[in-house]
Amino acid sequence: MSEMASNNVASEAEVVQRGSLELTLRRLWRDNASVAAFGVIIAVVLLAIVAPAIAALTGHSPIEQFRDIGLSPMGIPVGPGADFWLGSDQLGRDVLVRLAYGARVSLLVGVLASLAASTVAVIVGVTAGYFGGWVDTCLSRLTDLVMSVPFLLCALALVSAFGPSLLLSVIVIVFFSWAPMARVIRSQVISLARQDFVQASRSLGAGPLSIMVIDILPNLSVPIIVYTTMQIPNSIVFEATLSFLGMGIVPPTPSWGGMLADASSNSLYLVAWWMVFVPGTALLLTTLAFNILGDGLRDALDPKSARTARRLRRKSKGAAKQ
Amino acid sequence: MAILEARGLTVDIPTEDGVIHAVRNVSFSVKAGSLFGIAGESGSGKSVLTQAIVGLLPNADIGGQAWFEGRDLIGLPPQEVRKLRGGRIGMIFQDPLSSLHPYYTIGAQIAEALYLHEKIDRRDARARVIDILGKVGIPSPADRLDDYPHQFSGGMRQRVMIAMALILKPSLVIADEPTTALDVTVQAQIVALLDAMRRELGTTVILITHDLGLLSSVADDVMVMYAGHRMEYGKGAAVFRSPAHPYTAGLLRSSPANYSPGSELVPIKGRPPSLLATPAGCVFAPRCSDALSDCAVQPPPLRVYSDGVESLCWREEGASAAPAIAAPSPPAKKENGRAAEPVVAVKDVHLTYQVGSFFGPRRSLDVLKGIDLTVEKGETVGLVGESGCGKSTLARVIAGLTRASGGSVKLLGQDIGALDGARWRDMRRNVQLVFQDPFGSLNPRRRVGSIIGDPYRLHGEAHGEERKRKVRHLMEIVGLNPEHYNRFPSEFSGGQRQRIGIARALALNPSLIICDEPVSALDVSVQAQVLNLLRRLQRELDLTYLFISHDLSVVRHVCDRIAVMQGGRIVELAGAEELFANPRHPYTRTLLAASHAPPVLAGASDRSLREMRMVAS
C-alpha cells in the first residue's frame with residue numbers, strides 16, 4: 001500500500017503544474033518576434049536611462065549649440081563622424097544626445113498617456129457594462145462622441161488656446177485614445193456580469209462596487225494588458241505628431257517629433273539625411289516593437305488562439321521527425 | 001461482419017503542459033447493423049477516439065489502424081477521409097443548437113450534404129429531405145423544411161441533426177452524447193428514434209455517452225473507457241449484468257438509482273488521473289477499491305471471459321461480486337416536534353416578464369403562475385421539471401435575486417419582497433445558493449481561500465487570522481485539503497469545485513441552502529461523492545435544502561418531499577416514496593417512464609476465464 005502511495009506521488013510529480021504567469025512567459029519566449037521586440041524596447045529604455053551618461057561621454061549637452069564644429073562654414077550640419085557620432089542638426093546640436101533625451105520624452109508620454117487612457121477606459125467601460133440601462137446609454141454615446149471628434153483639428157485648437165506643454169499633450173492624447181478600449185471593456189463586462197460567479201457574489205450580498213472591483217476587474221486583466229501595450233505606440237506617435245506640428249514639446253527640449261520637424265524645415269533633409277533617418281528609425285522601431293509585443297502578448301495570454309496551436313503542432317511534427 | 005475495426009488505436013495530443021495521452025492502445029470492432037456503445041466519464045477519451053477515427057483531430061499524433069469498408073482511415077489522406085465523412089459516416093453532436101447554422105433553413109442545411117456528395121437537382125433533393133424529415137419524426141415536414149433552427153425545440157433540432165446525418169444513407173453513424181443537452185422525456189424519444197433508424201435503414205450506430213442507464217437499454221455491445229484505456233468490452237447485457245472490471249462495477253454502484261433512498265452511496269474514491277503522465281500500473285489502481293499489490297506497479301493483463309467480456313484487470317475473478325452496499329442507512333432523524341415556523345413559505349407567487357420589441361406589440365410572459373410551497377426546517381424539498389418549467393426562476397425568487405411580481409415569499413417569517421437595502425443584505429445570511437456549473441460559479445482569477453472567505457468579507461465578520469482559520473475549517477468540513485487555500489479554481493476538478501461552492505454557501509450558517517442542479521455537471525462517480533457530502537452535512541449541521549434537479553433518481557435519493565413543476569406550476573407535491581410509488585399527475589408518470597435507470601447489479605456471474613494475455617500499453 002505504501003509502495004502504491006509512493007508510486008502515485010512519483011507519477012504526480014512528473015506533471016508540472018505551471019502557473020499562468022509562467023505559461024504566458026514560456027509562450028512569449030517561444031515567439032521570436034516578441035523576444036526581438038522586447039529587446040528593442042529594453043534598448044530604448046536603456047537609451048533613455050543613460051542619456052546623461054551619453055551627454056557626459058560626448059561632452060555635448062542636448063541643447064548646447066556647437067556652431068563652430070557642428071556646422072560647416074556654409075552653415076550646413078555635419079554628418080556622422082568622430083565628433084558627432086550620429087551627426088549634428090541645423091543648430092549644431094548633437095543628434096545622438098538629442099535622440100537619447102528624446103527617448104525619455106517619448107517613453108514618458110507614451111507610457112503615462114497609455115496608463116491614463118486605460119484607467120479612464122476601464123472606469124467608463126466597467127461602469128457602462130455593469131449597470132447597463134441609461135448609464136450605459138449615456139456613457140456609450142459619450143464614447144461615440146469622442147470617437148467622432150477630429151483629432152488633429154481639436155488638438156491644434158486646444159494647444160493654441162492653452163499654449164503647448166508636456167502636460168497638455170498628455171491630456172490631449174488621453175482624451176483621444178480611451179474610447180476604443182472603453183468599448184472593448186464594456187462588451188467584456190456585459191458578458192462577465194452574466195456569469196454565475198457574479199450571481200454568487202450578489203447572492204452573498206455584495207454591492208455593485210465590490211462586484212466590479214473584486215469580481216470583474218481581475219478577469220479583465222488580459223484585455224487591459226494587451227490594449228495598454230498597443231496604446232503605447234499610438235501615444236508615442238501622437239506626441240511626435242504634435243511636436244512635429246510645433247504643438248507638443250516646447251523647444252529646445254528634444255523630442256523625436258520635434259527633431260523630424262527640424263529636419264523638414266528648409267528642406268534640410270536633402271543635405272542632412274541623418275536628421276530624418278535617426279529619429280525616424282527610432283520612432284519606427286519603437287512603435288513597431290510595442291505593436292509586435294502587444295500582438296505577442298495577446299497570443300501568449302490567450303492559449304486558445306490559432307497561432308499558439310499552430311506553433312505547437314509544428315513543434316511536435318519536428319520532434320517526431322527527429 | 002465488422003463494419004469498423006479498430007486495432008491498437010493511440011492518440012497523443014500535444015499541448016502547453018506536455019503531451020496528453022488521450023487514447024492508449026484501444027481495439028474494438030463494430031458489427032454491421034448493431035448499436036455500439038462507448039461509455040466513460042468526461043476525459044476518458046471516448047470522444048477523442050471517434051474524432052481521431054474520422055479525421056477530426058488534425059493536430060494529434062494518431063497511431064494504430066481503423067479499418068472501415070476495406071480501408072484504413074488512419075493512413076488515408078485528409079481529402080479522402082472528408083469524402084467518407086458525411087457520405088459513409090454520419091456524425092451527430094451533443095448540442096443541436098450550436099451544430100446548426102442559424103442563418104440557413106434546415107432544408108438548405110440538410111440538402112447541402114446531398115449537393116456535396118451527389119449530383120442531384122433541386123426538386124429531387126427537396127423530395128429526399130422531406131422524406132428523411134418525415135422519417136425522423138418531424139410533423140408535416142414539407143411545411144417545416146423552410147423554417148430556421150430557432151423555430152424548433154431542442155428535441156426537434158436533434159431530430160434535424162439526425163436527419164442530416166442519415167440523408168446520405170451512411171453505413172455508420174457516430175452519435176457523440178446526442179441526448180445530454182436534452183430533457184429526460186425528449187432523451188427517451190431520441191434514443192428510441194436512433195434505435196428505430198438503425199433497424200429501418202440498417203445503419204450501424206456508435207453511441208457515445210456517460211449515461212450508463214441509457215446505454216444499458218439500447219446497446220448491443222459496449223466498451224467502457226477510463227483515462228484513455230479500454231477497461232471493459234463485451235456484450236451489453238453481459239457487461240451490465242455483472243461487470244468484470246471494478247471500474248464498471250464502481251460506476252454502476254455510484255448511481256443513486258441502485259440504492260434504497262436515504263442510504264449512503266458508494267462512490268469511486270479520488271478523481272481521474274492526469275492524462276499527461278498516467279500511472280505505471282493500471283490507470284484505475286489509485287481509485288480501485290479492489291486493488292491488489294501488483295495493480296500499481298505493472299500494467300494489467302487482458303482477460304477474456306467465456307461470455308465474450310474482455311477486461312483489463314489484474315483480478316482473477318473480476319470485480320468483487322457482492323456490491324459494497326454495506327454502508328448502513330443513517331438513522332432517520334426526523335423528529336415530529338418541528339418548529340412551528342417554516343423556513344420558507346411561498347404563497348401564490350407569480351412572475352411575469354414584459355417582452356416585446358420597441359416596434360412590436362408588448363406581450364407578457366408568465367414564468368411562474370401561482371406557486372405555493374413551504375419548506376420546513378431540516379428537510380429537503382426537491383423541485384423537478386424540464387428546462388423552461390420555471391424551477392430555476394423560482395429558486396432565484398426564493399433567494400431574493402429576482403423580485404416576484406405577485407404573491408409573497410416569507411423567509412423565517414419575513415417577507416423578502418418588502419425588505420429595504422440594508423435588511424435585504426442582512427437577509428442574505430439566511431439563504432445561500434449552490435450553483436449548477438462548478439466552472440462558472442467560481443471567479444477564475446481569485447484564490448480559493450478568498451472565494452470561500454467572501455461571505456465573511458462582505459458581512460464584515462472574522463478578520464485576518466480568524467477568517468483564515470474559519471475558511472480552513474470549512475474546507476475540511478467539505479473534504480478539501482486546507483493546504484490548498486492559496487490555489488486558483490482552475491487547479492481543482494469539477495467535483496472539488498462544487499465542494500468549494502458548498503463551503504462558500506455554508507460559511508454564514510444559512511437557514512436554507514438552495515442547490516440548483518448541484519451535480520448535473522459532474523460525472524457519475526464524482527456525483528455520488530457530492531451527494532454523500534450534502535447528506536452528511538445536512539445530518540451534522542441540521543441544514544435545510546431546496547434541491548433542484550432534472551434527474552429523478554438523484555432527487556429521489558436525497559429528498560424528503562418532491563414538487564414536480566410543469567409550465568410554471570407545481571403539478572404534484574408529495575413525499576418522495578409516495579410520488580414514485582403512486583404518481584398522480586400524468587406529467588409525473590411521463591417523467592418517471594422516461595428515465596432510464598442503470599441496471600441493478602446481479603451479483604456473481606457464471607462466467608469463467610478463457611484466456612489471459614499481456615498487452616503493450
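Analyst: What follows is a set of questions about labels, each answered from its definition. The model is predicted, so local features need pLDDT of at least 70 and side-chain atom pairs count only at pLDDT 80 or more, while totals for chains, interfaces and linings use all residues. Residues are numbered from 1 along each chain as its sequence is written, and chains are lettered from A and ligands numbered from 1 in the order in which they are written.

User: What makes β18 and β22 of chain B the edges of their sheet?

Analyst: Two strands pair if DSSP finds at least two bridges between them, and strands themselves are DSSP runs of E with at least two residues, just as helices are runs of H or I with at least four, numbered from the N terminus. By that rule six strands of chain B form an open, mixed sheet in the order β18-β19-β20-β15-β21-β22. Because β18 (431-434) and β22 (569-575) of chain B each have a single partner strand, one side of each is left without a neighbour in the sheet.

User: How do you know that β21 and β22 of chain B pair?

Analyst: Strand β21 (residues 561-566) of chain B and β22(B) share six bridges in the antiparallel sense, and I562(B) stands opposite A574(B) in β22(B). Helix α20 (residues 586-594) of chain B packs on this sheet, touching β15 (380-384), β21 and β22 of chain B; contact here requires C-beta atoms, placed from the backbone, within 7 Å.

User: Why is the crossing of α5(A) and α8(A) described with an angle and a distance?

Analyst: Two packed helices are described by the angle between their axes and the distance between the axes. The axes of α5 (residues 95-131) and α8 (residues 166-193) of chain A come within 6 Å and cross at roughly 35°, where axes are lines fitted to C-alpha atoms, for helices over the stretch in contact, and angles run from 0 to 180 degrees between N-to-C directions.

User: What is the handedness of the crossing of α5(A) and α8(A)?

Analyst: The crossing is right-handed, a term for a near helix turned clockwise from the far one by less than a right angle, with anticlockwise called left-handed.

User: Which residue classes make up the contact of α5(A) with α8(A)?

Analyst: The residues divide into 22 nonpolar, five polar and one charged, where Ala, Val, Leu, Ile, Met, Phe, Trp, Tyr, Cys and Pro count as nonpolar, Asp, Glu, Lys and Arg as charged, and the others, Gly among them, as polar.

Methods. Two residues are in contact if their C-beta atoms, placed from the backbone, lie within 7 Å.
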